[in-house]
Amino acid sequence: MTAQLPALQILLPMLASALCVLLRSPAGAWLCFTLATWASFAVSVLLVLATRSGAILSYEMGGWEPPFGIELRIDALNAFVLLIVSGMAAVMAPFARSSVLAEIEQTRVYLFYALVLLCLTGLLGISITGDAFNLFVFLEISSLSSYAIIAMGPNRRALLAAFQYLIMGTVGGTFILIGIGLMYMLTGTLNMADLAERLPAMADSRTEKAALGFIVVGASIKLALFPLHAWLPNAYAYAPSLVSALLAATATKVAAYVLIRFIYTVFLPERAFDGLMLSELMMALAAIAMIAGSVVAIFQHNVKLLLAWSSIAQIGYIVLGAALVTTAGLAATTLHLLNHAVAKGCLFLALGVIVWKTGGARLSDLAGLGRTLPWVGAAFVIGALSLIGVPFTGGFITKWYLLVAVAEQELWLLAGAVVLSSLLSIIYMGRVIETLYFRAPSQGTTRSEPVPVLMLTSVWLLALLNVAIGSYSEPFAAIARTAAGQLLGGTP
Amino acid sequence: MRQHTLLRVCTRMLVPLILIFALYVQFHGDYGPGGGFQAGVIFAAGIVLYALVFGVEAARRAVPATWLRILSAGGVLLFAGTGVVSMLAGHNFLDYDALAGDPVAGQHIGIILVEFGVGMTVTGVILSFFYVFAGRGRRD
């Protein structure tokens, strides 16, 4: 059965999504969601174990051999992204039960779970496929379902946020499709490894450069890289709590993967970066994103918006590492995919518990909750420390790797930007923590029943994971180095 | 539409023909032009015509929205299930050779099942769209 693992990775959430629609009951749909995400997490763990030494798995869909048929191709980077996506979904499944019941209309709960599973199918599919057009199809699956689940948010503003995301996301998806179409026009193939072999012969054609340009812009929109980030804050802020957490932890990571995969595997870094100044451009945008995102986050009153703006800053770190074109930089980026997912997931889930308790995510809703909900407050603090990059948390590890990678290139200005952005994150996270612990509780209406154990389990799993990665990061760092080596070593 | 006798009579005659034609396109799809998507659209168009002439309520009685959800999900399950069967037979996902002893027969069976799944889902989804837009304001 090991040979079938790549197909199972996408199939499990897809079949479960259809089953959810047939089951119709909220409890049944939740159970289906939980089992599917856990099973798919188990599959991704097996895939990581199979690829971490540098091996590459290839799976022929329908028995048609690549490059003619669709190929699923898994190297260390793919497997790592699959692990992040399915792992985040699996950890958040227990949280989902009460949170979704509180925020989604009873009759729509099963459809909500079906859509979340479809979104996961899309994200996992993007990460696993070795076929450029197949990647676009999965991108659309994940995008369309995420517009719908964002629009299901409890506030009416969710509709407008989802619509903004729909417009921007469609533009992004179309740009990627145009880029893929141009490459197909040049080479007559859609398989990524095959494209990488054939594109060098077309190296100086304008079509190839246009294709790269379209794909970079398209992926940057999905990634919410500054200045294409406008859709992200509202989409995350007004979505249901589970969706905010899940998308913040996975969707932008997968978009970053798309960017890295196309630049490093399909176009090959030497051609992608030479002549087009792509590296310098990405570094500049990353630096602006890190600082501007953090500055805007400082002035937010809605904590969900604050976390969303901080995501934009964190995307800066991810892109910065990728723009350095060194093994150290790529390893830092790969690690930060994981560490940001774990830290932001933890923060959004802790906030989700607070929303469940108080019904709001404004700073005033959080006042004094650190004392009435000590466990939730403590988990939020751990997530915040990891986001800032305090030693013994995951965030510290990646910032360290990133600073080393930047220093290696003697780009001191960028190193300064990383440090400045971290200092700014102390300010905005500090504001939230101050409100949590040192303000008198507001007299708003709060739920009287205690926080469900399942919700706390999810939150604390992520909080402990932050500390675990921060204390012992070697297994993940080793995978990240293998992935970076493969990316820079030519075709996967 | 009550006074348009001609329209009502013609629709009564046309709808069954449209539905049969949809099934023809569906099951002829593996040999000639056609296939699940086109068949699904034609089938849904037949029901939409019925709804336009006899009213959305009549169409909802004939094809309830609940069925459509089952149809949409069932189509996906049929498509993916075909692939799972070939996986259980020891081949790759959606490798139709596994479905019969003879590869050619296997390919035929596979494509018919998969296209039928596509047809079901397309019918279900298109009619769901139609019901949602036609029934704006009412909730179910």
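How many residues of chain A are in contact with residues of chain B? Select both chains: 13 residues of chain A are in contact with 14 residues of chain B, where contact means that C-beta atoms, placed from the backbone, lie within 7 Å.

Before going on, note that this is a predicted model, in which local features need pLDDT of at least 70, side-chain atom pairs count only at pLDDT 80 or more, and totals for chains, interfaces and linings use all residues. Residues are numbered from 1 along each chain as its sequence is written, while chains are lettered from A and ligands numbered from 1 in the order in which they are written.

**The side of chain A that touches chain B**

Select helix 1 (5–23) and strand 1 (57–60) of chain A, the elements that give two or more residues to the side touching chain B. Helix 1 of chain A gives the most, with seven residues. Helices (H or I, at least four residues) and strands (E, at least two) are DSSP runs, numbered from the N terminus. By class, this side of chain A has nine nonpolar, three polar and one charged residues. Ala, Val, Leu, Ile, Met, Phe, Trp, Tyr, Cys and Pro count as nonpolar, Asp, Glu, Lys and Arg as charged, and the others, Gly among them, as polar.

**Chain A as a whole**

Of its 492 residues, 63% count as buried. A residue is buried if 20 or more other C-beta atoms lie within 10 Å of its own, exposed if 12 or fewer, and partly exposed in between, with C-beta atoms placed from the backbone.

**The two strands**

Select strand 1 and strand 2 of chain A: they run antiparallel and are joined by four bridges. Strands pair if DSSP finds at least two bridges between them. Glu60(A) stands opposite Glu71(A) of strand 2. In a regular strand the side chains alternate between the two faces of the sheet. In strand 2 (residues 71–74) of chain A, Glu71(A) and Arg73(A) on one side and Leu72(A) and Ile74(A) on the other are all buried.

Next, pick Pro67(A) in the loop between strand 1 and strand 2 of chain A. The peptide bond from Pro66(A) to Pro67(A) is cis, with omega near 5 degrees. Pro227(A) lies in the loop between helix 8 (206–223) and helix 9 (232–238) of chain A.

**Two residues with positive phi**

Most residues other than glycine have a negative phi, and most peptide bonds are trans. Go to Arg24(A), not a glycine, yet with a positive phi of about 70 degrees. Arg24(A) sits in the loop between helix 1 and helix 2 (26–51) of chain A. Is Arg24(A) buried or partly exposed? Arg24(A) is partly exposed, because 15 other C-beta atoms lie within 10 Å.

Then select Val325(A), also not a glycine, with a positive phi of about 55 degrees. Val325(A) is in the loop between helix 13 (303–323) and helix 14 (327–358) of chain A. Val325(A) counts as buried because it has 20 C-beta neighbours inside 10 Å.

**Last stop: chain B**

Select Val84(B) in helix 4 (residues 65–88) of chain B. Val84(B) is partly exposed, with 17 other C-beta atoms within 10 Å. The C-alpha atoms of Val84(B) and Asp95(B), 11 residues apart along the chain, are separated by 9.5 Å.

Terms used: Contact = placed C-beta atoms within 7 Å.
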